[in-house]
Amino acid sequence: MADQIKITLVRGLAGTLPNQRKTVKALGLGKINSSVVRENNAVHQGMVRKVSHLVKVEEV
């Protein structure tokens with residue numbers, strides 16, 4: 001398993017639930033195609049799982 005993951009927002013937040021919007025914001029994502037690199041741990045994996053239909057994840 002990689003030590004870091006790159007998370008990219010690939011879909012917009014229109015029509016999503018408020019807790020999903022907060023999760024995307026907490027990951028540090030704002031606009032479509034914005035990307036962040038985060039540590040691959042249980043916290044971030046859970047957040048990605050919650051919004052998996054909105055993001056793309058790659059190992060770095």
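Entry 1, the nonpolar core. I looked up the largest nonpolar core of this predicted model and found 12 residues in it: I5, I7, L9, V24, L27, L29, V36, M47, V48, V51, L54 and V55. Such a core is a set of buried Ala, Val, Leu, Ile, Met, Phe, Trp, Tyr and Cys residues joined through side-chain atoms within 4.5 Å, where buried means under 20% relative accessible area, exposed over 50% and partly exposed in between, with a 1.4 Å probe and protein chains only. I noted that β1 (4-9), α1 and α2 each supply at least two residues of this core, and that its largest share, 3 residues, comes from β1.

I then checked helix α1 (residues 18-27) against helix α2 (residues 42-50), whose axes come within 9 Å and cross at roughly 135 degrees. That angle makes α1 oblique to α2, the word for angles that are not under 35 degrees (roughly parallel), over 145 (roughly antiparallel) or 65 to 115 (roughly perpendicular). The contact, meaning heavy atoms within 4.5 Å, is made by N19, Q20, T23, A26 and L27 of α1 and by H44, M47 and K50 of α2. For M47, leaving aside neighbours within four places in sequence, I listed contacts with T23, A26 and L27.

I found N33 in the loop between α1 and β2 (35-39), with a positive phi of about 70 degrees although N33 is not a glycine. At 59% relative accessibility, N33 counts as exposed.

Residues are numbered from 1 along each chain as its sequence is written, and side-chain values use heavy atoms, without hydrogens and water. Local features need pLDDT of at least 70 and side-chain atom pairs count only at pLDDT 80 or more, whereas totals for chains, interfaces and linings use all residues.

Notes:
Axes fitted to C-alpha atoms, helices over the stretch in contact; angles between N-to-C directions. Helix = DSSP H or I, 4+ residues; strand = E, 2+ residues; numbered from the N terminus.
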